[in-house]
Amino acid sequence: MKTLLLAGAALTALAATPALAQDSVGSFGVTYTDTRLEIETYKADGQSEAITANFAVPVTAAWTVTLDSAYARNETSVLTRDDSSISGRVHASYLVGDLRVGGFVGAQEINSDGLWNVGVEAQKYMGPMTLTGTVVHENIEGTSGEIWSTGADVAYFVSPTIRVNAGLGYTSADTDGQAFEGWAARVGGEYQFAGTGFSLVADYDRTEFNDLNLSVDTVTVGARFAFGGNLQARERSGADLGRTAVGFGRVIASAVQMTTPL
């Protein structure tokens with residue numbers, strides 16, 4: 001699984017190399033995430049440090065290819081173990097005026113298995129606001145059934161270097177004969193220091209699966225170095241499509257990694 005993800009990321013980067021130096025927009029960053037999980041009476045805390053890379057490369061005046069990826073080192077207090085994981089998505093989008101539409105495919109490690117996802121997305125640019133909608137289908141290796149999720153995100157740019165955002169998500173899943181539903185809410189923001197490519201980012205997520213008596217709270221803080229423009233230009237280029245791509249698989253992945261012994 002890890003080899004496949006690395007190969008996919010390498011091939012995407014290689015294909016983008018001729019245009020990367022001149023036309024690409026994106027960022028590299030580091031993040032720290034604290035996760036609190038509850039399943040009925042079971043509680044667990046987890047932490048992860050991640051290195052992220054996101055960039056968009058215009059193929060034509062309208063078509064753009066975007067890669068978002070992360071390598072994370074995960075820790076859990078209950079199982080007293082550390083492990084690592086890789087995740088990534090490749091997006092292809094088409095810009096028509098102030099509307100960007102496209103789709104993506106991606107994968108994420110869950111222990112030794114993989115979570116595969118494919119989805120469609122659309123962004124509407126309205127002055128200082130960006131509206132995003134996403135629908136995604138996910139499947140976990142080693143399980144039968146499927147997971148469908150949909151989400152919406154609103155980003156408001158107080159200035160081209162300050163963004164605040166909020167989003168909602170809903171999922172419907174049927175895996176191994178068990179059907180369940182869940183919802184998620186997110187608030188966050190990012191501040192870019194004027195005249196530099198450096199920015200600070202923070203997010204809070206709350207996810208609940210009532211049918212499973214499962215709730216997950218995550219707080220993420222981090223720093224990024226961007227190239228090719230300010231925060232608003234980065235989002236309008238398609239480089240930040242990974243920020244708004246929904247999917248409850250990451251929550252399920254956290255639950256599995258925090259409750260499954262090696």
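**View 1. Strands E9 and E10 pair in the antiparallel sense.** In this predicted model, strand E9, which spans residues 162–175, and strand E10, which spans residues 178–192, are joined by 14 bridges in the antiparallel sense. Within this pairing, Ala166 is the residue that stands opposite Val187 of E10. The hairpin of E9 and E10 has two residues between the strands, and in this hairpin Asp176 takes a positive phi near 50°.

**View 2. Strand E10 also pairs with strand E11.** Strand E11, made up of residues 198–209, runs antiparallel to E10, and the two are joined by 10 bridges. Val187, which faces Ala166 in the pairing described above, has Tyr204 as its bridge partner in E11. The hairpin of E10 and E11 has five residues between the strands, and here Gly195 is the residue that takes a positive phi, near 75°.

View 3. Ser149 is found in strand E8, which covers residues 145–159. Because its relative accessible area is 2%, Ser149 counts as buried, the cut-off for that term being under 20%. The side chain of Ser149 makes a polar contact with the side chain of Thr171, at a distance of 3.0 Å.

**View 4. Gly142 lies in the loop between strands E7 and E8.** The loop that holds Gly142 lies between strand E7, residues 129–140, and strand E8. Gly142 has a relative accessibility of 82% and therefore counts as exposed, since that term applies over 50%. Although Gly142 and Gly114 are 28 residues apart in sequence, their C-alpha atoms are 8.6 Å apart in space.

**View 5. A nonpolar patch on the surface includes Leu99.** The patch is formed by Val59, Trp63, Tyr94, Val96, Leu99 and Val101, which together have about 520 Å² of accessible area. Strand E4, residues 81–96, and strand E5, residues 99–110, are the elements that give two or more residues to this nonpolar patch. Leu99 is found in strand E5, and because its relative accessibility is 33%, Leu99 counts as partly exposed, a term that covers values between the 20% limit for buried and the 50% limit for exposed.

Notes: Residues are numbered from 1 along each chain as its sequence is written. This is a predicted model: local features need pLDDT of at least 70, side-chain atom pairs count only at pLDDT 80 or more; totals for chains, interfaces and linings use all residues. Side-chain values use heavy atoms; hydrogens and water are left out. Patches are made of residues with over 30% relative accessible area and no salt bridge: like charges are joined within 9 Å, nonpolar side chains (Val, Leu, Ile, Met, Phe, Trp, Tyr) within 5 Å. Accessible areas come from the Shrake-Rupley method with a 1.4 Å probe; for residues, only the protein chains shown count as cover. A salt bridge is a side-chain nitrogen of Lys or Arg within 4 Å of a carboxyl oxygen of Asp or Glu. Helices (H or I, at least four residues) and strands (E, at least two) are DSSP runs, numbered from the N terminus. Buried means under 20% relative accessible area, exposed over 50%, partly exposed in between (1.4 Å probe, protein chains only). Two strands pair if DSSP finds at least two bridges between them. A polar contact is a pair of N or O atoms within 3.5 Å; within protein, one must be able to donate a hydrogen and the other to accept it, and residues adjacent in sequence count only if both atoms are side-chain atoms.
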